[in-house]
Amino acid sequence: GGPGWPRLVIGSLPAHLSPHLRGRFKCPVCSKFVPSDEMDLHLVMCLTKPRITYNEDVLSKDTGECAICLEDLQQGDTIARLPCLCIYHKGCIDEWFEVNRSCPEHPSD
């Protein structure tokens, strides 16, 4: 370990190495990166928004249409049954939940 050996610098990365994350915080609730000046509002929204979940199921009989894509729900389809008993294609509700964690037909629930 004489002179001229490279010195290891232990510490945080220089600020200029991560410009895309400067002033942005990762929300502990939804894991999205949010601008720092919107973090307070975002956290309140995230924490107060009911994050409903669903039971995954396979349809045993045809039951009309999915209110999200308006295609028929048919026997054998993988569906999502919400607490309000609404049912949708699982893929449809997964995409819907990216934007809105509530039932498309009962947004106040």
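This is a predicted model: local features need pLDDT of at least 70, side-chain atom pairs count only at pLDDT 80 or more; totals for chains, interfaces and linings use all residues.
Residues are numbered from 1 along each chain as its sequence is written, and side-chain values use heavy atoms, with hydrogens and water left out.

**Figure 1. The whole chain, for orientation.** The protein has 2 helices and 5 strands, and from the N terminus on they follow the order β-β-α-β-β-β-α. Helices (H or I, at least four residues) and strands (E, at least two) are DSSP runs, numbered from the N terminus. Of the 109 residues, 20% count as buried; here buried means under 20% relative accessible area, exposed means over 50%, and partly exposed is in between, using a 1.4 Å probe and protein chains only. Take the contacts with a separation of 6 or more: 24% of them link residues 24 or more positions apart. A contact means heavy atoms within 4.5 Å.

**Figure 2. The largest nonpolar core.** This core has 14 residues, and Leu73, Leu82, Tyr88 and Ile93 are the ones that touch the most other members. Strand E4 (78-81), strand E5 (87-89) and helix H2 (90-99) each put in at least two residues. H2 gives the largest share, 3 residues. A nonpolar core, by the way, is a set of buried Ala, Val, Leu, Ile, Met, Phe, Trp, Tyr and Cys residues joined through side-chain atoms within 4.5 Å.

**Figure 3. Tyr88 and its partners.** Which residues does Tyr88 contact, leaving aside its neighbours within four places in sequence? The list includes Cys66, Ala67 and Ile68, then Leu73, and also Thr78, Ile79, Ala80 and Leu82. Further along the chain, Tyr88 is in contact with Ile93, Cys103, Pro104 and Glu105.

**Figure 4. Leu82, buried in a loop.** Leu82 belongs to the loop between E4 and E5. Is Leu82 buried or exposed? With a relative accessible area of 2%, Leu82 is buried. Not counting residues up to four places away in sequence, Leu82 touches Ile52, Thr53, Tyr54, Tyr88, Ile93 and Cys103. Glu56 is 26 residues away from Leu82 in sequence, with 8.9 Å between them in space, C-alpha to C-alpha.

Figure 5. Cys84 lies between E4 and E5 and is partly exposed, at a relative accessible area of 25%. Its C-alpha is separated by 7.8 Å from that of His106, 22 residues apart along the chain. Leu85 is in the loop between E4 and E5 too, and counts as exposed because its relative accessibility is 65%. Look at the backbone here: phi of Leu85 is near 75°, a positive value in a residue other than glycine. Most residues other than glycine have a negative phi.

**Figure 6. His89 up close.** His89 is buried because its relative accessible area is 15%. The His89 side chain reaches the backbone oxygen of Asp72 at 3.4 Å. That is a polar contact, a pair of N or O atoms within 3.5 Å; within protein, one must be able to donate a hydrogen and the other to accept it, and residues adjacent in sequence count only if both atoms are side-chain atoms. Leaving aside neighbours within four places in sequence, the contacts of His89 include Cys66, Cys69, Glu71, Asp72 and Leu73, along with Asp77, Thr78, Ile79 and Ala80.

Figure 7. Glu71 is placed in the loop between strand E3 (55-58) and E4, and its 52% relative accessibility makes it exposed. Beyond its neighbours within four places in sequence, Glu71 is in contact with Gly64, Glu65, Cys66 and His89. Glu71 and His89 are 18 residues apart in sequence and 9.1 Å apart in space, C-alpha to C-alpha. Leu70 is also in the loop between E3 and E4 and is exposed, at 54% relative accessible area. Phi of Leu70 is positive, near 65°, in a residue other than glycine.
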